[in-house]
Amino acid sequence: MANCVVVGGSRGIGRAAAVLLAERGAQVVVNGRHADAVEATVRAITAGGGVATGFVGAPDNEQTATDLIDTCRTQYGGIDVLINCAGIAEPAGSSILTISPEDFHRLIDAHLSTVFHTCRVTAPLMTAQGHGSIINTGSTASLGIYGGTGYPAGKAAVNGLTLAMAAELKHTGVRANVICPGARTRLSEGPEYVAHLHDLHARGLLDEMTLQASLAPAPPEWMAPLYAYLAGDLSTRITGQIFIAAGGFIGRFKRQVPTPLAYREGPIWTVDEIDELMGRR
C-alpha cells in the first residue's frame with residue numbers, strides 16, 4: 001500500500017488525485033491551506049472506505065514542508081509518492097507592466113518554493129529506500145501563451161527543477177515527472193478569467209482552439225488517472241517527462257533541443273551574418 005502526500009490535495013485537481021489514489025488503496029496525507037477544505041476532503045475519502053489524514057498549512061518553507069512529510073512518516077511509516085498540486089492565480093490583469101514585486105514573489109513561493117521545499121525534504125528519504133515517485137504540476141502557461149508573470153515563471157521553473165531531479169535521482173530508483181493539466185478549478189473559472197482569455201485571444205496570444213479548450217475545460221476528475229498512473233508501479237520506467245492532460249487528451253512534450261542555424265570553425269560571426277542567418281529561418 002503506497003503512502004502518499006498530496007500538496008494542494010484539498011481542492012480541484014489535487015483533491016481528485018487524492019480521492020482516486022485512496023480508492024486504489026493508497027494511504028493519503030491531504031494538504032491544503034484551509035482547514036475546512038482539508039477536513040471535507042479527508043471525510044470524503046474515509047467515508048468511502050479510504051485512509052486519509054489532513055495537514056493544514058502552506059509548505060512553501062522548510063519547516064512546514066518538513067512537518068508535512070513527517071506527518072506521512074508518522075502516520076503511515078514512510079512516503080512513497082509526493083504530488084505537488086498547490087497553486088494560486090495571478091492578480092487580475094497582471095502583466096510585467098503592472099505586477100508588484102510582492103505579488104511576483106508570492107506567486108513564485110506558491111509554485112516553485114513549495115515544490116522545492118517538499119522535494120528537498122522527500123528526495124533523501126526516497127533515495128534511502130530505493131524507490132519513490134515525485135509528480136509535480138506544471139502548466140502550459142509556462143509557454144507564455146496565457147500572459148502573466150510569476151505564474152508562468154514559477155511553472156517553467158518547476159519543469160526545469162523536476163527534469164534536473166529526475167536526471168540526478170534516476171540511478172536511485174526515484175523518479176520525477178511533471179503534469180501540465182487543463183481542468184476546471186477555482187483558478188480557471190469566473191468572469192475575470194473568461195475576460196482575460198478573450199483579451200489574450202484578441203491580442204493574438206491564444207489561438208482559437210486553445211481559447212475554446214480553455215473556456216470549457218473538463219472536471220478535475222479527468223486529470224486524476226494520469227497522476228495515479230505516474231504514482232503506481234506501472235510507470236516505474238518513466239522519469240524526466242513533461243506530460244499534458246486536458247479533458248480526453250493526454251500528450252507528452254518533446255525534450256527541447258536546439259535547431260542548428262549554422263556552424264563554422266571561424267572566423268567569429270559578425271552581427272550582419274547573424275542577421276542573415278535569422279532571415280533564412
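Author: Leaving aside its neighbours within four places in sequence, Thr-140 is in contact with Ile-145, Tyr-146, Cys-180, Ile-244 and Phe-253. The model is a predicted one, and in it Thr-140 sits in the loop that runs between β5 (132-137) and α5 (150-169). With a relative accessibility of 18%, Thr-140 counts as buried, because the cut-off for that class is under 20%. Thr-140 and Gly-182 are 42 residues apart in sequence, and their C-alpha atoms lie 8.5 Å apart in space.

At the other end of α5, the loop between α5 and β6 (174-182) holds His-171. Its relative accessibility is 70%, and since exposed means over 50%, His-171 counts as exposed, whereas Thr-140 counts as buried. The side chain of His-171 reaches the backbone oxygen of Glu-168 at a distance of 3.2 Å. Along the chain His-171 and Gly-130 are 41 residues apart, and the separation of their C-alpha atoms is 9.2 Å.

A further buried residue is Asn-84, which belongs to strand β4 (residues 81-84) and has a relative accessible area of 3%. Two polar contacts of its side chain can be described: one, of 3.0 Å, joins it to the side chain of Thr-118, and another, also given as 3.0 Å, links it to the side chain of Asn-136. When neighbours within four places in sequence are set aside, the residues in contact with Asn-84 are Val-7, Thr-114, Val-115, Thr-118, Cys-119, Ile-135, Asn-136 and Thr-137. Both polar partners, Thr-118 and Asn-136, are therefore found again in that list of contacts.

Turning to the packing of helices, α1 (residues 12-23) and α2 (residues 35-47) pack at an angle of about 25°, and their axes are 10 Å apart. Because angles under 35 degrees count as roughly parallel, α1 is roughly parallel to α2. The crossing in which α1 passes α2 is right-handed. On the side of α1 the contact is made by Arg-15, Ala-18, Val-19 and Ala-22, and on the side of α2 by Ala-40, Thr-41, Ala-44 and Ile-45.

Key
Residues are numbered from 1 along each chain as its sequence is written. This is a predicted model: local features need pLDDT of at least 70, side-chain atom pairs count only at pLDDT 80 or more; totals for chains, interfaces and linings use all residues. Side-chain values use heavy atoms; hydrogens and water are left out. Axes are lines fitted to C-alpha atoms, for helices over the stretch in contact, and angles run from 0 to 180 degrees between N-to-C directions. Helices (H or I, at least four residues) and strands (E, at least two) are DSSP runs, numbered from the N terminus. Angles under 35 degrees count as roughly parallel, over 145 as roughly antiparallel, 65 to 115 as roughly perpendicular and the rest as oblique. A crossing is left-handed if the near helix is turned anticlockwise from the far one by less than a right angle, and right-handed if clockwise. Contact means heavy atoms within 4.5 Å. Buried means under 20% relative accessible area, exposed over 50%, partly exposed in between (1.4 Å probe, protein chains only). A polar contact is a pair of N or O atoms within 3.5 Å; within protein, one must be able to donate a hydrogen and the other to accept it, and residues adjacent in sequence count only if both atoms are side-chain atoms.
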